[in-house]
Structures are given as C-alpha cells and as structure tokens.
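Hi,

Here is the structure I promised to pass on. Have a look at it first, and then read my notes below.

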Amino acid sequence: FIRFPRPLRPYVTKKVLVETYEDGQPMIDIIRSTETETSEELKKRLAEIGVDALLKMVFVDNLVHGDLHPGNMLVQNNNLGQDGDTCSTRDNLRIMMVDVGCDTFVMDVQPDPNPLRICLLDCGIVSKLSE
C-alpha cells in the first residue's frame with residue numbers, strides 16, 4: 001500500500017535526485033478537506049497505511065524516510081466521488097474457495113489491482129538506526 005517513485009539513472013547524482021513522475025492527490029489536500037468532501041473512513045484508512053509504513057521502516061527495514069510530511073505524500077487510486085461512484089476504502093481481495101466435503105480449500109487469492117495507496121516522494125534524505 002506504499003509506493004515510491006523510481007530513480008532515473010543515469011540522471012541521479014550525489015546532488016540531484018531525478019525520479020519517475022507519480023500521479024495522485026496531495027495528502028495535504030485530503031487532510032485540509034472538510035468532512036463533506038472527504039469521508040472520515042478514508043482519512044482513517046490512510047492513517048492506518050501511514051502508521052504501518054512508518055513502523056515497518058523503523059522496525060523491519062531500518063531505513064527511514066528523513067523528510068516525511070504531508071507535502072511529500074500522494075494518495076493514489078482514491079476513486080471516491082468520481083463519476084458518482086463511491087469506492088470502498090477497505091482494500092479488496094478476490095478469493096476463490098472450493099468446498100470439498102467438510103473441508104474448504106482456498107485455491108486463489110489475488111489483491112485488488114488498484115488498491116488505495118500512499119506514494120512517498122522526495123526520498124533524498126534517509127537514515128538508518130545504529131544497533
């Protein structure tokens with residue numbers, strides 16, 4: 001549920017970071033929006049994704065984004081309110097289950113091809129924690 005722009009080599013140097021363009025809605029716009037424009041459920045789901053990402057960066061990856069603020073975050077695949085449709089902010093899985101006698105087997109699990117996600121921009125500053 002987290003995405004990063006990819007560096008475009010050979011244009012990246014020690015002083016310049018050149019990355020792919022990522023489309024999305026700025027997180028700051030969602031935070032500042034009123035309740036009628038953005039649902040509380042969407043804000044809650046984005047907060048869950050953000051906290052999970054931060055905890056994974058600190059405790060699993062030991063590589064932390066050094067400039068993490070709403071201006072460096074884009075919300076992608078937020079289809080809420082487009083074409084009159086309301087998209088669920090819960091991420092969907094497609095599951096194919098087969099019932100054989102008294103046992104049920106899960107044969108196939110596929111994630112939603114367009115999950116709600118956060119794109120983290122400007123990763124030019126990162127830090128690692130010492131032991």
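A charge counts as sitting over a ring if NZ of Lys or CZ of Arg is within 6 Å of the ring centre and within 35 degrees of the ring normal. Here, the charged end of arginine 45 lies over the ring of phenylalanine 1, at 5.2 Å from its centre.

This is a predicted model, where local features need pLDDT of at least 70, side-chain atom pairs count only at pLDDT 80 or more, and totals for chains, interfaces and linings use all residues. Residues are numbered from 1 along each chain as its sequence is written, and side-chain values use heavy atoms, with hydrogens and water left out.

Now the sheet. Helices (H or I, at least four residues) and strands (E, at least two) are DSSP runs, numbered from the N terminus, and two strands pair if DSSP finds at least two bridges between them.

- β1 and β7 (residues 117–120) are parallel, with 2 bridges; isoleucine 2 is opposite isoleucine 118.
- β4 and β7 are antiparallel, with 4 bridges; glutamine 76 has arginine 117 as its bridge partner.
- β2 and β4 are antiparallel, with 2 bridges; glutamine 25 has valine 75 as its partner.

Best wishes
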